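Subject: Structure for your review

Dear colleague,

Please find the structure below, followed by a summary of what was found in it. I would be grateful if you would read the two side by side.

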Amino acid sequence: MSRFYKASLLATVACVLGATSAFANPAEVCKDVTLNMLLETVPDTVALQKVAPEFEALSGAKVNIEAVNYSLMHEKLVPSLTASSGAYDVLVVDSYWVGEFVTAKWIQPLDERIAKDGVDTSVYFPALMDINGKIKGTTYMLPFWQYAMGLLYRKDIVEAPEFQAAYKTEFGRDWRLPETLEEYAELAKWAGKFTGKAGAAMSGQRADPVVMEATNYVFSLGADFYNREDWVPTLNSPEGIKAVTVYADLINNAAQPGALGANFDDVANALKQDKAVFAITYLFLMPTLQDPKESLVVDKIGFARMPGEDSLLGAWGWAVPSNASNPDCSWEFIKWVESKDIALKRGIAGGQPTQTWIYENADFIKAWPAMAAVGDALAHAKGLPVMSRATQLVEVFAEVMGDVLANGTDPATAITNAEDKLAALTRGDPLLK
Amino acid sequence: MKSATTSMNLRAPHLARKGDELSLGFYKFVFMTPTILVMMLVVAAPLLYSFYLSLHEYIVTYGQGPFIGLGNYVLLMGREFAGVSWVTMKLTVSVVVIEFLIAFSLALLLNQSWLRFREFYLVILMLPMLMTPVAVALMFRLMFNPNLGIINWLLSLVGIPAQGWFGDPNLALATVIFVDAWTETSLMLIMLYAGLRSLPQDPVEAARIDGANAWQILRHVTLPTLRPVILVTLLIRMITALKSYDLIYILTQGGPGKTTETISFYAYRLGFRFLDIGQAAAVSFILLIAVVALTLVLLRILRER
């Protein structure tokens, strides 16, 4: 046998052994196990439900997916995680719960398992690993799906010659997508009047919807909640105040009726029912906007990155809860669901992949052309601070927004009123030392 | 001998009664003990534990902190708690008054002797009470959806512009009160109707013979005799209204801003969103004190009756 054949044989054996260890007999640890997991009612969950039977066939486990509205998830998870044996075997963790879950020791470190099974974490967008993977040097999660946010707009409307002519008359320049937040605000207000629709579909409902949306305005102007070096609150800056002011202006002068009670489903509905021109929202809404059964705007929606500096980056990560009854099987599931072919299948089925290579895959881009812009969106995005009380940061910022939007409080005063609360959230946080 | 026998006969039943009383007491104790133990376990123990928690700093993420006495209660004495208390009061007074007026009017109507198909109407009017609040809230959330709901569509037919309803700071609480009234009026109706049906008819007949008209009979005969039932109904409704949570949770999440945030929802938010169990327990205890005070008033009325 020549040296070449020997080497080939050895390489083949190594590959087979490697593959075998990567899927180290899920049946051995998962046979007759029921894996319970709690997920949000979003396209990625639908995509997961489509592929989950493959894991059941491979492992002999039963995958039990409980899909609920986002607002219910945290309050269902926390009691389960504080109990000695939890209700869920695999967790999906929103990026702003990460600090809380790590500090409370509710999720297991994965580094040993990753090293043992040779899982390649370099396939993920580094920005996603930063917010939903590694915390202070330890890997707790593998990124499941990302929720890049940006500008969704009606291509058919903005590309119409009469719209562009009127735009030129109004703004004295040729049509272009807005490059700054101020430009977007002026455009949305004008477009609403010009088309007779809402210039911007907005989600002002407390707490998560308004915060996820308004944080884009904050980041777009270069403001932030804290100085991320010394953790002093910084929202009370000219940029922070301006961001809240612009948001309030748009809610009052460009948004659909009842935007203060709207969540992202309502934003999607306003777009789908041809009632809005623009929205700063999640790209993951695209599959529902492209569904001819429920959408009047199929193939009419474009996506661009958030005008200005940055948008909010969020993601969900897979984790093994510390009180999982069968953590080995939980890990086998995570490993399987993040394996290349399954991740691609989920992406093609309407998911929001977290692995970079999928965005270069021809089949994926053919299925979801708008996803080609995701790389650019992720490059200009940042997450909420990874801190133990980020969930409460969302609540406090929601209070600020509510004070401005519902009570008419001046943004500077509302932010000043919240400064003590913002400062208290970082006090004694072990993740920020 | 006779007297001895008599004496024995007299004493024996006495002794037997005493024995019976002892054994009755013993059996009462035996039969009551499991119930008392279960009640202590499921009611008293959690209550005491939550009071204990309300005296400690306890943020779930960091674990239980030190004893801080009434610190959590003192922290609540600010603008925020005053705000949610004010909303709770507005909501409670509004729903109790509105629901009482509707329920009492309907109960009077149903009590009319000339009314046919009374049971049918009663069943229809009871339907909201039979539905779960969450289902009702979801139904109304759809109906009041500003863009896709039937209410705005109906208004548009008569030229009224679309309203924000739950998303409008000026309308949100009123819309919640409307939904609450739709859901909860049935309970008051049943109680008041039952009260009306149980009233003696003689005073009414006597008043009628004396020439009293319908309004005079209502004011001087029906209302005074129905007074205890009315008070009990109002108090029960007031206690449940003070604890309003489920409709708020589904319809508005306490928003826009804090325009519909009640004390119960505030306690939920502190506990499940801020994970501040100490403060959430303190809010719950303050609410409990208010509810217990109202319950004591209720019990007193029932005793007087």
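Which side chain meets that of D376(A) in a salt bridge? The partner is R305(A), with an N to O distance of 4.0 Å. Please note that this is a predicted model. The pair links distant parts of the chain, since D376(A) belongs to helix 18 (residues 374-379) of chain A and R305(A) to strand 10 (residues 301-305) of chain A, 71 residues apart. D376(A) has a relative accessibility of 40% and therefore counts as partly exposed. R305(A) is likewise partly exposed, because its relative accessible area is 27%, and the limits for that class are 20% and 50%.

Over all chains, the count of salt bridges comes to 34. Another of them joins K335(A) and D117(A), whose closest N and O atoms are 2.8 Å apart. This pair also connects distant parts of the chain: K335(A) is in helix 15 (residues 327-337) of chain A and D117(A) in helix 6 (residues 111-117) of chain A, 218 residues apart. Both K335(A) and D117(A) are buried.

I turn now to the contact between the chains. In chain B, 32 residues are in contact with 41 residues of chain A. Together the two chains bury about 2,800 Å², of which 55% is on carbon and sulfur atoms. Between chain B and chain A there are seven salt bridges, and 14 residue pairs are in polar contact across the interface. On the side of chain B that touches chain A, the elements giving two or more residues are helix 3 (79-110) and helix 11 of chain B. Helix 11 of chain B provides the largest share, four residues. By class, this side of chain B has 14 nonpolar, 11 polar and seven charged residues.

One salt bridge is formed by R269(B) and E399(A), with the closest N and O atoms 2.9 Å apart. R269(B) lies in helix 11 (residues 263-273) of chain B and E399(A) in helix 19 (residues 390-407) of chain A, so the pair joins two chains. R269(B) counts as buried because its relative accessibility is 1%, and E399(A) is buried with a relative accessible area of 12%. E399(A) also forms a salt bridge with K258(B), the closest N and O atoms being 3.9 Å apart. These residues belong to a network of salt bridges whose members include R206(A), E395(A), E399(A), K421(A), K258(B), R269(B) and R273(B).

Yours sincerely

Terms used. Residues are numbered from 1 along each chain as its sequence is written. Chains are lettered from A and ligands numbered from 1 in the order in which they are written. This is a predicted model: local features need pLDDT of at least 70, side-chain atom pairs count only at pLDDT 80 or more; totals for chains, interfaces and linings use all residues. Side-chain values use heavy atoms; hydrogens and water are left out. Buried means under 20% relative accessible area, exposed over 50%, partly exposed in between (1.4 Å probe, protein chains only). Contact means heavy atoms within 4.5 Å. Buried area is the accessible area (1.4 Å probe) that two parts lose on being put together, summed over both. A polar contact is a pair of N or O atoms within 3.5 Å; within protein, one must be able to donate a hydrogen and the other to accept it, and residues adjacent in sequence count only if both atoms are side-chain atoms. Ala, Val, Leu, Ile, Met, Phe, Trp, Tyr, Cys and Pro count as nonpolar, Asp, Glu, Lys and Arg as charged, and the others, Gly among them, as polar.
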